[in-house]
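Please open the structure in your viewer and keep the sequence panel beside it. This tour moves from one selection to the next and says what is there at each stop.

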Amino acid sequence: RASDAAGGVPGVGAGARELMALLGRSLFAHHGDRELLAAAASSLHTLVTGAVDAASKAQVAEAAALGALPRRVAEAEEPLKNVALSSSFASDSTQRLLCEALAAGAKALPRARATALLRSVVGMLPSLDAGCSGPSEAKRAVGASLLAGFLTARLDPAASSVSADAMEVDSGSEAGDGPAALEAARTAAAAKLGALLKHRTPHVTVAAAAAVGAVGAAGPLPLPVGVGAAEAEEG
């Protein structure tokens with residue numbers, strides 16, 4: 001249950017470790033079994049987004065309420081990112097579920113790490129005038145677009161959306177890792193995604209549109225006043 005994953009049940013920390021280990025084996029060692037990968041991605045998405053959204057709807061301090069499972073996802077950010085962006089066995093729907101799950105789990109990251117993750121994903125976005133040389137490159141561009149959008153939608157610089165241990169790390173962060181740095185990363189992501197709405201590869205354009213839509217659904221686009229997504233990187 002999502003409420004269990006949110007940490008409201010005694011012993012859920014150990015349970016989250018065991019569950020994440022099971023899902024991890026399916027995600028990272030699926031041996032080309034698309035159905036197994038899809039099932040694991042769907043389960044991870046349901047549990048993690050459920051836990052994060054439940055904390056948000058309850059209007060409690062998210063730092064305390066995110067719970068064990070989102071933190072486990074955050075700890076596995078690098079392998080999850082690799083599967084979401086690079087797995088040739090992931091269908092379009094599976095890729096989207098993984099990107100959404102990782103973005104939700106990223107709310108449990110220290111702000112500096114969340115900012116670094118978003119910056120790294122934005123750096124993977126293709127340039128507007130560069131096509132994708134093959135299916136693998138196109139899949140990576142689509143995954144990066146989706147993940148950049150979902151991260152931008154989920155990561156709120158003004159929110160206390162880090163876990164207690166993450167706050168300890170953040171307390172020693174440099175000034176450049178604070179809310180302003182995260183907001184700058186979100187602005188860069190929104191601008192780049194807006195430019196990709198005119199990309200020559202249809203799959204990338206569709207992914208960019210979905211990403212911009214996710215950001216818009218979460219709140220105002222983090223762009224200068226009067227600048228639309230499609231014109232953010234022009235001029």
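**Stop one: a helix to start with**

Select helix α8, residues 111–123, where helices (H or I, at least four residues) and strands (E, at least two) are DSSP runs numbered from the N terminus. At 1.5 Å a residue, the 13 residues of α8 should span 18 Å, and because its end C-alpha atoms are 18 Å apart, the two values agree; the expected span is 1.5 Å times one less than the number of residues. Now colour Ala112, Ala114, Thr115, Leu117, Leu118, Val121 and Val122, which are buried in α8, where buried means under 20% relative accessible area, exposed over 50% and partly exposed in between, with a 1.4 Å probe and protein chains only.

Before going on, note that this is a predicted model, in which local features need pLDDT of at least 70 and side-chain atom pairs count only at pLDDT 80 or more, while totals for chains, interfaces and linings use all residues. Residues are numbered from 1 along each chain as its sequence is written, and side-chain values use heavy atoms, with hydrogens and water left out.

**Stop two: the whole chain**

Of its 235 residues, 47% count as buried.

**Stop three: the core**

Select Leu27, Leu44, Leu80 and Leu151, the residues with the most contacts inside the largest nonpolar core, which has 54 residues. Such a core is a set of buried Ala, Val, Leu, Ile, Met, Phe, Trp, Tyr and Cys residues joined through side-chain atoms within 4.5 Å. Helix α9 (residues 135–154) gives the most to this core, with eight residues. Leaving aside neighbours within four places in sequence, leucine 27 is in contact (heavy atoms within 4.5 Å) with residues including Leu37, Leu44, Leu80 and Leu98.

**Stop four: threonine 94**

Move to helix α7 (residues 92–105), which holds threonine 94. Is threonine 94 buried or exposed? Threonine 94 counts as buried because its relative accessibility is 2%. Beyond its neighbours within four places in sequence, threonine 94 is in contact with Leu37, Ala38 and Ala41.

**Stop five: lysine 139**

Finally, return to helix α9 and select lysine 139. Lysine 139 is buried yet has no salt bridge, and the nearest side chain of opposite charge, aspartate 92, is 4.3 Å away. A salt bridge needs a side-chain nitrogen of Lys or Arg within 4 Å of a carboxyl oxygen of Asp or Glu.

Definitions and conventions. Lys, Arg positive; Asp, Glu negative; His and termini not counted.
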